[in-house]
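Reader: I have a structure to read. Please take me through some of its features.

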Amino acid sequence: MAQPPLNLERYVPALLTFLTNNMSSGASACYRKHFGIGIVEWRVLAMLAVEDHISANRIVQVIGLDKGAVSRSLQMLEREGFVSTEVDSKDARRHTVTLTLSGRELHDRVLETALERERLLLANFSDSEVEVLIDFLHRMSGQLSEVNAVVPKE
């Protein structure tokens, strides 16, 4: 017997995907138009503002993006002078990435827009609802290793 189709109004993975895809594409269009960078470059800049002098692998690990996309973004950001790379003093096989002064300035300008987008996204929520939402999102993230380990039934 065939399964009924998903109820996309209630299937949480679809709701999260639709929301994040639309947020990402909107952010990317906005950031490209006004700052000359896309969403991946923004995520890299934001990560480096939190944790500087790190490897590309660390960026990939934390923000969960494709290694190739992060590598291309780092190349663009370095070419434009927003990041610099250097050989790790502890391991010559490794390079670390850091924000330059112009990269920090770009980060700060984009951050204003990013925070305004977040403010508008959450405008219909009370402070306590936002706290509950953040808690739920962290709890869902904590389940990802189990979720990603699911194997289809034979």
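Author: Start with the elements. Helices (H or I, at least four residues) and strands (E, at least two) are DSSP runs, numbered from the N terminus. I59 lies in helix α3. This is a predicted model, where local features need pLDDT of at least 70, side-chain atom pairs count only at pLDDT 80 or more, and totals for chains, interfaces and linings use all residues. Residues are numbered from 1 along each chain as its sequence is written, and side-chain values use heavy atoms, with hydrogens and water left out.

Reader: Is I59 buried or exposed?

Author: Buried means under 20% relative accessible area, exposed over 50%, partly exposed in between (1.4 Å probe, protein chains only). I59 has 0% relative accessibility, so it counts as buried.

Reader: Which residues is I59 in contact with, leaving aside its neighbours within four places in sequence?

Author: Contact means heavy atoms within 4.5 Å. I59 touches V44, M47, L48, I54, G64, V70 and L74 in this way.

Reader: What is the phi of H53?

Author: Most residues other than glycine have a negative phi. H53 has a positive one, near 55°. H53 sits in the loop between α2 (39-50) and α3 (56-63). Its relative accessibility is 45%, so H53 counts as partly exposed.

Reader: How confident is the prediction in the protein?

Author: pLDDT is the predictor's confidence in each residue, from 0 to 100. The protein has a mean pLDDT of 94, and 100% of its residues reach 70 or more.
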